Amino acid sequence: MQYMLLIYTDEAATPAPKPGEAVTISPAYVAYTQALHEAKVWRAGDRLQPISTATTVRMVNGRSEVLNGPYAETREQLGGYYLIDVPDLDAALSWAARCPAASRGHVEVRPLWTMS
Amino acid sequence: MDDVVDAPTRQAAEAVARRSYGKLIAFLAARTRDVAGAEDALSEAFAAALAAWPESGVPRNPEAWLLTAARRKMIDTARQRHTRDGTAEHLVLLAELAEGDGDDPEAIPDDRLALMFACTHPGIAPEVRAPLMLQVILGFDAATIASAFLVAPSTMGQRLSRAKAKIRDAGIPFRVPVQHEWHEWHERLDAVLEAIYATYAEGWVDAGGTDLRRRNLAEEAIWLGSLVAALLPQEPEALGLLSLMLHAHARRNARRNAQGRYVPLAEQDPALWDVAMIDQAEALLSCAARSHAVGRYQLEAAIQSAHGVRRRSGRADWPAIEQLYDALVAMTGSPVAGINRAIAVAETRGPAAALALLDGLAGDPRLAQYQPYWAARAGLLARMGDRHTADQAYERAMGLETDAAVREFLLQQRLALVTADPPGPMVRYDEPPPSQERPWPGPTSTSGKTAT
């Protein structure tokens, strides 16, 4: 079963590299991603650029509305995700607990709707 | 509890809850087999107490007051059910429950041991036994238990209700098994001890004590272990388990430094160990040894005792630790014990011999996701000067770790690979006691929980 691990962290606590600057991934994330691969549960995963790069779109009464910034201004923001394939929620939670973000922010675990 | 309730009442109710919750549930449930019903009745009795005691004053025997209130509530519920489905069985239960009304209120029989045996009955799924015991004996709520066991709260709630329904519907008995039926008795007692140790292991994970509720979990497990040891003082394994938990718990303040960094057992300052607790653990272990029936908990307690020798001699008694792990591996066949044996062998015969032992375990697919295996491997490889392979193993261990402090420690070990002259750092991941009990990851896992 596929689960999305949505990573919420405080950007201010861990400043992201400025756009254009080389992106370095912390050894903890490299190790975690590697462990997901070794366990053959990794399907996808990436880090998102900081919320300063976000643009939010919606249609209001047939007219587009485009806003700078993220959908919701909260202290912890969606900063990345992993998509994993594991047998059940218990297994997904155990991988979520190992995610470095679980020690600093929050990791939300959501199953995917599976279209058949 | 409500703000409008005055402080003395709330304190009295909380004190009773802490002291007697399990005893009251055990009394009510043992006579009805209805654990959920007993919990409901007792929680209503507590609510009634909070309403009545500010007016009437806290009764002389609050336990008896609560028991009477809960018992009446259960009888009412049973009567309603009886009129609905009309079974004779309820009449019997009613009679049993009503019996003893007006007895000496001081003498509430202690059925907690029977309740523990019901919670760990073979008919209850192994992964629910420890959570069930936490809930019915100690009154933990499902959400707290779910957090500790890394399970979704809704899932934990369902598992607990299903287990309680099973106890009621399948007629799981509330009694201490017959002790002269040797085989059954030992299997059943093992299940009780295992659930207590699983509880301790969950509490142990939070070494920093950052999660207050979870630190309590280790202490609650010790409390449960003391209860079982007190009720079954002739059982060496019950004493062995308590000794093991006390030995491990005696080091709780040494496992992190002032900055919150992880301190491996070999580098802990023995001055920070709790000497009184160690003495207590030693006394229990020698008491258990008198019965000449060695078991896994006594062996594990003896291993902890041999680590504790460092307090006086400056060095753990590694030859003894190796021998004890030999015995433990022979007895349990546990690959986790095998990892710890290899760590001991590294001290007695060197890293190459230890690595050969680890290689012997490598066929077990469950080890692929078992952090201590990779950490031990990395340490041995580093000591042998194989920096590249050591680095890969450290990385694997980091990726499987849940504790940020341990993850940081592993990272520092990796970084030291680059700067250290061979033979590199020592094996530094040797924190054996509850890690042995960490549930297995991988396909054969019953609970789906993974190790840290």
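This is a predicted model: local features need pLDDT of at least 70, side-chain atom pairs count only at pLDDT 80 or more; totals for chains, interfaces and linings use all residues.
Residues are numbered from 1 along each chain as its sequence is written, chains are lettered from A and ligands numbered from 1 in the order in which they are written, and side-chain values use heavy atoms, with hydrogens and water left out.

**Chain B at a glance**
- Chain B has 21 helices and zero strands; both are DSSP runs numbered from the N terminus, with helices being H or I of at least four residues and strands E of at least two.
- Of the 452 residues in chain B, 56% are buried, where buried means under 20% relative accessible area, exposed over 50% and partly exposed in between (1.4 Å probe, protein chains only).
- Contact means heavy atoms within 4.5 Å. Among contacts in chain B with a separation of 6 or more, 66% come from residues 24 or more positions apart.

**Helix 1 of chain B**
- B:T9 lies in this helix and counts as buried, because its relative accessible area is 2%.
- Leaving aside residues up to four places away in sequence, B:T9 touches B:A49, B:L50, B:W53 and B:P54.
- After helix 1 of chain B comes B:R33, which has a positive phi, near 60 degrees.

**Nonpolar cores**
- A nonpolar core is a set of buried Ala, Val, Leu, Ile, Met, Phe, Trp, Tyr and Cys residues joined through side-chain atoms within 4.5 Å.
- The largest has 90 residues, and B:I196, B:Y200, B:V228 and B:M245 have the most contacts inside it. Helix 1 of chain B (residues 7-32) gives the largest share of this core, ten residues.
- Another core, of 56 residues, lies apart from it and includes A:W95, A:A96, B:A354 and B:Y373.
- Not counting residues up to four places away in sequence, B:V228 touches B:L113, B:M116, B:V192, B:L193, B:I196 and B:A238.

**Where the chains meet**
- In the interface, 20 residues of chain A contact 21 residues of chain B.
- About 1,600 Å² is buried between chain A and chain B, with carbon and sulfur atoms giving 57%; buried area is the accessible area (1.4 Å probe) that two parts lose on being put together, summed over both.
- A:A31, A:D90 and A:R98 supply 36% of the area that chain A buries against chain B, more than any other three residues.
- Two salt bridges link chain A and chain B, each a side-chain nitrogen of Lys or Arg within 4 Å of a carboxyl oxygen of Asp or Glu. The side chains of A:D90 and B:R159 form a salt bridge at 2.7 Å, N to O.
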